[in-house]
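This briefing is meant to be read beside the coordinates, with the chain open in a viewer. Please keep the sequence numbering at hand while going through the points.

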Amino acid sequence: MSDLITPELVTLDQDLGTDRSEVIRHLVQNVVSNGRATGFDELYADAMAREAKTATGVPGGIAIPHCRSTAVTKASLAMARIRPPVDWGAKDGPADIVFFIAAPEGADQEHLQLLAKLARSLIKKNFTGALRTAASPQEVVELVDGALGLGPVPESQSQAQAGTGSGTAGTTGQAPAGAGGAAAAGAAAGAGGAAAGAAAARSTDSPAGAHSAGARSSGVAAEQASGNGSGTADGKASRLVAVTACPTGIAHTYMAADSLAAAAAERGIDLQVETQGSAGATPLDPSVIKNADAVIFATDVDVRDKGRFAGLPVVSGPVKRGIDEPGVMIDEAIAAAGNPNARRVAGGSGGGGEERDPQSSGGGEGFGSQVKRALLTGVSYMIPFVAGGGLLIALGFLLGGYELSLSDDDGNLTGDIILDGNTLFSPGPEGLLGYLGAVFWKIGNLSMGFLVPALAGYIAYALADRPGIAPGFTAGAVALFMDAGFIGGLIGGLLAGFVARWVGSWGVPTWMRGLMPVVIIPLVTSLIASGLMILVLGGPIASLTLALNDWLTGLSGATAIALGVVLGLMMGSDLGGPINKVAYAFAVAGLSEGSFENQAPWQIMAAVMAAGMVPPLAMALATVLDKQQFSMALRENGKAAWLLGAAFISEGAIPFAAADPFRVIPSSMIGGAVAGAICMGTGVTSQAPHGGIFVFFAIGNVLMFIVAILAGMLAGGLIYVALKRLTAPKNVEEPVVA
């Protein structure tokens, strides 16, 4: 028997509301009530955060909300068969069967493999059909154990398996592990099952965790699935490879793999899939990749070691597309294999930003989306340089004084003078603290010096994978040389990325492919991108940067307050979403331009941080001011929101926004605007890009920083309470679900 699910974790034929958040709340409470998690609020927040990334509904009336959480003490499955069904984002309609997968943060491989196997079983019609007719929670548990191979297969499911096989069912049928077992399962199921058996062999469902599709089917079933081995009828493609991956790597990764394998088997295509999931990943054999005609990436995260597929025509899209439209992706890959102008994998061994194929109908990514994704990728990789550098500079000032950044008549910085000729054992007249302050200050400045090159390098990386890094860093260094600042870094990175991707798409002989990512792409791209920066773009961008710095430096009074209001509204609008990230990226990218002569970039950073802290703090305050207006679950979330808000984690307000967006978001925006306006109006500065109140030593005018946060919290919290009282019944207390 499995210890993943018990009858107490199963709910049958109950009305759990009309919104997925209500269903998840019930399932989370079941997990907590049965002693398998330590806290409702943390687990619920983690589950909803995962749900916010992409809907977890899949075809067939199934939903698989899932997450990893430090609150989970024992890997668990909670299942609900709900009446009426609830919309879960699947294209074919609402879900009536919901499995909530709760995995500990450090779950062991055995449990992760079982969870992955369950996810793969949920695309089998006989299994889901048996779940829909199960008469008791105990019968559901037996069905799950049978699907996981931990108990006998119940008679109702065995009878369904004995019927005519289908591609979906055969993909992960209850066959013995390995290729031979899959082939046997296919042969037993007839012609349709044979194709599915071949698919199963290529997307193995073995005790080792079904990591890869490296296993190849053999025998009669394989021959029936792939015909005579010559590929499709038009001869365009006979061999495909694929990679599937989702953020948590528990459910969608494996379901997409099996859906693609089944669709390929129906078309007589030889497809082998590598699942990069939480249960581990066994890379595809290099010889398989070498002989492939095209590759499919059904991923929501970076593909590991993407350079293995360099030169292959590529079709890419979200992992859910691999579940919802596997046949379409297979057809697009077949078409790409026969199209000499199809987009190809650029190369390199790193896992760069996810490549999308703009030529793929339905799964493409527009130019604007590509640029946005690249910019956010660049900012995310840049933040560690800024965070470490900014905090070290602040610590240096704390120990050695602000005069470290001042210069003498010859232009020599005080911090450099202190370091020159002094040592830890002979620190000079400034003493040990002054010397250590200079050390911290210097390291921080050197770290901040990488800001623009790192921004440009990883923007290019997001667009062109590893071959884009070197040209991108070079373009960023040129931007610094030309005094073009972070705007030059943005433009240089985009230019390097698009040029590198274009060069990588060139059709070259096979013997030349190995030279492309390490020699030809970096060389040609650096010449073009950096050459354009020096000869054409650098001067105008430098002038624009100077004008922007002059404008920011001159901000005062109403103009500064207005900017604080706009930034605050953006930070409170979507709680960590795209609008919030644009404001945050703007503040972080400008940090390196800050100085004691030009503190405006530091002021913008302070305004953004204070405004981002307000939403969770405002919701926490609201639960204290009028707790009868909140359910027990939200009151528990309110307790956690105090700490999350203090640490500048805006996502702490997401549980409130998910349950009540039309009142939470306006309240958060107003509170954020108040905090941002006060910060900008009083000249509060921050040299740290994150950390909230815990980086107080990096905050200038910390008293007004706290006042701004408190004012925003009061405004947001009071407005939300007022809206609740005006528009909702006074008693909305919800019983805790047992």
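The model is a predicted one, and it describes a protein of 738 residues, of which buried residues make up 57%. The secondary structure consists of 28 helices and twelve strands. Among the contacts with a separation of 6 or more, 74% are accounted for by residues 24 or more positions apart.

**Packing of H24 against H28**

- Helix H24, covering residues 600–625, and helix H28, covering residues 702–727, have axes that come within 7 Å and cross at roughly 45°, and that angle makes H24 oblique to H28.
- The crossing in which H24 passes H28 is right-handed.
- On the H24 side the contact is made by Ala606, Met609, Ala610, Met613, Val614, Leu617, Ala618, Met619, Leu621, Ala622 and Leu625, while H28 contributes Phe705, Ile709, Gly712, Met713, Leu714, Gly716, Gly717, Leu718, Tyr720 and Val721.

**Packing of H2 against H25**

- Helix H2 (residues 40–53) packs with helix H25 (residues 632–646) at an angle of about 90°, and their axes are 8 Å apart; the two helices are therefore roughly perpendicular to each other.
- The residues that meet are Phe40, Asp41 and Tyr44 in H2 and Ala633, Glu636, Asn637 and Ala640 in H25.
- The contact of H2 with H25 divides into four nonpolar residues, one polar residue and two charged residues.

**Single helices and the residues that follow them**

- Helix H11 (residues 252–266) has 15 residues, which at 1.5 Å a residue should span 21 Å, and the 21 Å between its end C-alpha atoms agrees with that expectation.
- H11 is mostly covered, with 14 of its 15 residues buried, and just after H11 comes Gly268, which takes a positive phi of about 70°.
- The buried residues of H22 are Ala560, Leu563, Gly564, Leu567, Gly568, Met571, Gly572 and Ser573.
- H22 is followed by Leu575, which has a positive phi near 50°.

**Backbone geometry**

- The peptide bond that leads from Arg83 to Pro84 is cis, with omega near 5°, and Pro84 itself has its place in strand S5, which covers residues 76–86.
- Asp13, a residue other than glycine, has a positive phi near 55°; Asp13 lies in strand S1 (residues 10–14) and counts as partly exposed at 39% relative accessibility.
- Asp465, likewise a residue other than glycine, has a positive phi near 65°, and its place is in the loop between helix H18 (451–464) and helix H19 (469–481).
- Asp465 is buried, because its relative accessible area is 1% and the cut-off for a buried residue is under 20%.

- Thr685 belongs to strand S11 (residues 685–686) and is buried, with a relative accessible area of 8%.
- Thr685 and Ile604 are 81 residues apart in sequence, yet their C-alpha atoms are 7.5 Å apart in space.
- Leaving aside residues up to four places away in sequence, Thr685 touches Gln599, Trp602, Gln603, Ala606, Ala698, Ile699 and Gly700; one of these, Ala606, is also among the H24 residues that make the contact with H28.
- Ala147 is found in helix H5 (residues 137–147) and counts as buried at 1% relative accessibility.
- The C-alpha atom of Ala147 is separated by 6.6 Å from that of Ser121, although the two residues are 26 residues apart along the chain.

Note on methods:
Residues are numbered from 1 along each chain as its sequence is written. This is a predicted model: local features need pLDDT of at least 70, side-chain atom pairs count only at pLDDT 80 or more; totals for chains, interfaces and linings use all residues. Side-chain values use heavy atoms; hydrogens and water are left out. Axes are lines fitted to C-alpha atoms, for helices over the stretch in contact, and angles run from 0 to 180 degrees between N-to-C directions. Helices (H or I, at least four residues) and strands (E, at least two) are DSSP runs, numbered from the N terminus. Angles under 35 degrees count as roughly parallel, over 145 as roughly antiparallel, 65 to 115 as roughly perpendicular and the rest as oblique. A crossing is left-handed if the near helix is turned anticlockwise from the far one by less than a right angle, and right-handed if clockwise. Contact means heavy atoms within 4.5 Å. Ala, Val, Leu, Ile, Met, Phe, Trp, Tyr, Cys and Pro count as nonpolar, Asp, Glu, Lys and Arg as charged, and the others, Gly among them, as polar. The expected span of a helix is 1.5 Å times one less than its number of residues. Buried means under 20% relative accessible area, exposed over 50%, partly exposed in between (1.4 Å probe, protein chains only).
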